[in-house]
Amino acid sequence: MTDEVKVAKMTTAQAIHDALDLALAKDPKVLLFGEDVSDPSGGGVFHISEGLSTKYGEHRVRSTPISEQAIVGAAIGAAIGGYRPIAEIMFMDFFAVAMDQISNHAAKLRYMSGGQTGVPITIRTAAGAGMQFGAQHSEMLEAWVTHIPGLKVVVASNPADCKGLLTAAIFDDDPVVVIEPTLDYWVSGPVPEGEHVVPIGKASTARPGSDVTLITYGREVKFALEAAETLAGEGISVEVLDLRTLVPMDERAVLESVARTRRAVVVHQAVRRGGLGAEISALIHENLFGELEGPVVRVAGPNTPIPYAAELESLFVVDSADMVKGVRKAVQQTR
Amino acid sequence: MTETLPQRTPDKETLARMFELVTAINLTDERFRTLLSSGRARSTYYSPKGQECISAAFGALLRPDDYCVTMYRGLHDHLAKGVPMRELFAEFLGRVTGTCKGKGGPMHVTHPASGLMVTTGIVGSGLPIANGLAWAAKLSGTDQVTIVNFGDGASNIGAFHEALNLASVWELPVVFVCQNNRYGEHTRYEWATSASQVAQRAAAYEMPGVTVDGNDPVATYWAADEAISRARSGGGPTLVEAMTYRFWGHIFGDNMRYMPPEERKAAMDADPTVRYRNWLLEHGHLSEAELASIENDTLAAIDDAIAFALDSPPPGPDELYTDVYSETVVPA
Ligand SMILES: Cc1ncc(C[n+]2csc(CCOP(=O)(O)OP(=O)(O)O)c2C)c(N)n1
Ligand SMILES: [Mg+2]
């Protein structure tokens, strides 16, 4: 007997909708709320939750006032009260307004209570540049949340993983921040039908290779694969590691790959200074210093706010050409 | 209080219960301050002395399964909600036998078994979480009520306004209890607050708002009763502002120079515990023997709890790494 998983082509937005729909159907303790999410208010600004409040009732899929602290606070309280709330913060930039609830409460209540009050919430949020939304609606702020013990953080690079990681997040007993690359909402790909779980904490090898490991996550994985293809033409074999979960990071996968290739390039869209790339780079140097052919190379955003003008914005966003340069630099370094 | 005898007097059992709670808070505070002054224990301490009648009134009304959210100045609320004294003291002293294994401390006491769900050190941030607890109860179809305690200063932070608005539009079974002790840290109420009374702010959110003498346990009891009954019967949230005064400044050890001495003296001369005791006695609600027996039993329980806490070990080094996540994630 073989369990054949049916696969359908869908956009990331549809994959997320699918994950939410299945979770709401599976567990009456799952709640979804945020600004504009219910059908009378349009089913979400990206229409991701369209139909869900009609199907599950506005007591479970509920639009909120524009009150980010109140949204995350209500999620935390409801979680302590026995529910599995999914709170939507429209753009990750708005975390700034809710950060007290996220950092001081969602992340710390389990610890401060000596394990008595866990906070099984999911915070979904759209992030990333590329649509000329300007400096306040575009930032990847994963470094803010990965720095806070108590939070888990995931970023998917394709529709299937978006569905699978979100499902895992909803049923995880800890607060999970799910970062959804905004531009990817309209990108489609194959997605398993029915319940699909991608375990939190497991990286995936998006492309095997032997000369250098390109470590990245989210939207940048696509460009990393393009870069790897280009570099293959130059005789450089690039392994692309898609982290998928940023906390708890699959450190074993990182170290195992780099131990083989002896060279690493870390890529993220977020600004370089204090970015997660610095952490990954330190992890590699601390563990594999003697085995590396050269220092880890970082390819990351410039230390600036995100500009509006399309010409400047595209300069800000790292692309496959930047990654190709980074890999060439890494490969030229030989002991 | 002797002059303005409330029209209705709660039954003897309730009056006695409130006296037990007032006494527990008053004596615990006294003992704890002595412990700190003598150097036998070390802790940051935000004394609730002066505010004990507010917690006692709510405590006499709330059920164990009702939820309470409070803040760093929370010892009175913890005791009134029924957090066991031994575990409470142990937590204050950072011992492994504490409510939170010594990992929360006085600002973060949590004891879900008593309905004490969150104690926060961030001004005003308990209110949005209380909404969530109230929402959970409402969704589950229980008649549990959530109360959240905060100060007058907290009514100027955004979270207060977001929370009152949401509670109103969602008709949540929550009672917002503002313990107006006239100061936020060292800043006088009037210097920081646009409304002459915090309760007036309820009007902006179309919820009932009431100001009550928080040093009068009977008056506070009736105000609390109305608000709790409203929440329990599906009538939505209430903002209760209880007027009071903190005897020992913001934090224990505070030089209190910003508090006019005559103002503080007047408040201390009208010590609400003493006032309530005298009133109970004068009006024949409880006899001297009954009052003294409550006091003696309370003192014995406090001494037992202090001894228990002082004898308890601190959490072991492994506890640093546990409870960060639901499963133990080995730290890097
Ligand atoms: C968000 C935030 N800002 C500032 C502080 C520092 N702080 C601690 S207590 C306090 C005063 C709060 O006054 P009030 O709300 O009246 O409560 P009280 O201490 O008088 O009981 C301040 C400013 C804090 N803990 N949290
Ligand atoms: Mg105050």
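Close-up 1. At 1% relative accessibility, A:Ile179 counts as buried, where buried means under 20% relative accessible area, exposed over 50% and partly exposed in between, with a 1.4 Å probe and protein chains only. This is a predicted model, in which local features need pLDDT of at least 70, side-chain atom pairs count only at pLDDT 80 or more, and totals for chains, interfaces and linings use all residues. Residues are numbered from 1 along each chain as its sequence is written, chains are lettered from A and ligands numbered from 1 in the order in which they are written, and side-chain values use heavy atoms, with hydrogens and water left out. A:Ile179 belongs to strand β7 (residues 176-181) of chain A; helices (H or I, at least four residues) and strands (E, at least two) are DSSP runs, numbered from the N terminus. Between A:Ile179 and A:Arg124 there are 6.2 Å in space, C-alpha to C-alpha, although the two are 55 residues apart in sequence.

**Close-up 2. The magnesium ion (ligand 2) and its protein donors in chain B.** B:Asp152 (OD), B:Asn181 (OD1) and B:Tyr183 (O) are the protein donors, at 2.0 to 2.2 Å from the magnesium ion; donors are N, O and S atoms within 2.8 Å of the metal (3.2 Å for Na, K and Ca), and water is not among the atoms, so sites may look incomplete. Along the chain, the donors follow the spacing D-x28-N-x1-Y. B:Asp152 lies in the loop between β3 (146-151) and α6 (158-169) of chain B, whereas B:Tyr183 lies in strand β5 (residues 183-184) of chain B, so the pair ties together parts that are 31 residues apart in sequence. Both B:Asp152 and B:Tyr183 are buried.

Close-up 3. An N or O atom in the side chain of B:Arg73 is 2.8 Å from an oxygen atom of ligand 1, and a backbone N or O atom of B:Tyr183 lies 2.8 Å from an oxygen atom of ligand 1. For B:Glu185, an N or O atom in the side chain is 3.0 Å from a nitrogen atom of ligand 1.

**Close-up 4. The second largest pocket, with a volume of about 220 Å³.** Of the 18 residues that line this pocket, the closest to its centre are B:Tyr72, B:Val123, B:Gly153, B:Gly184 and B:Glu185. The elements that give two or more residues to its lining are β3 and β5 of chain B. The lining divides into seven nonpolar, seven polar and four charged residues, where Ala, Val, Leu, Ile, Met, Phe, Trp, Tyr, Cys and Pro count as nonpolar, Asp, Glu, Lys and Arg as charged, and the others, Gly among them, as polar. On a 1 Å grid over the protein atoms alone, a pocket is an open set of points with protein on both sides within 12 Å along at least five of seven lines, a cavity is a set of points where a 1.4 Å probe fits but cannot get out, and lining residues have an atom within 4 Å of a point.

**Close-up 5. The largest cavity, with a volume of about 50 Å³.** The structure holds five cavities of 30 Å³ or more; grid points are joined across faces, edges and corners, and a volume is the space filled by probe spheres set on the points. Residues that line the largest cavity include B:Ser55, B:Phe58, B:Leu62, B:Asp77, B:Lys81 and B:Asn149. The elements that give two or more residues to this lining are α2 (52-61), α3 (75-81) and β3 of chain B. The lining of the largest cavity divides into five nonpolar, three polar and two charged residues.

Close-up 6. Most residues other than glycine have a negative phi, and most peptide bonds are trans. The peptide bond from A:Val247 to A:Pro248 is cis, with omega near -5 degrees, and A:Pro248 is placed in the loop between β12 (245-247) and α9 (251-261) of chain A. A:Arg262, in the loop between α9 and β13 (264-271) of chain A, has a positive phi near 65 degrees and is partly exposed, with a relative accessible area of 37%.

Note on methods. Polar contact = N/O pair within 3.5 Å; in protein donor to acceptor, adjacent residues only side chain to side chain.
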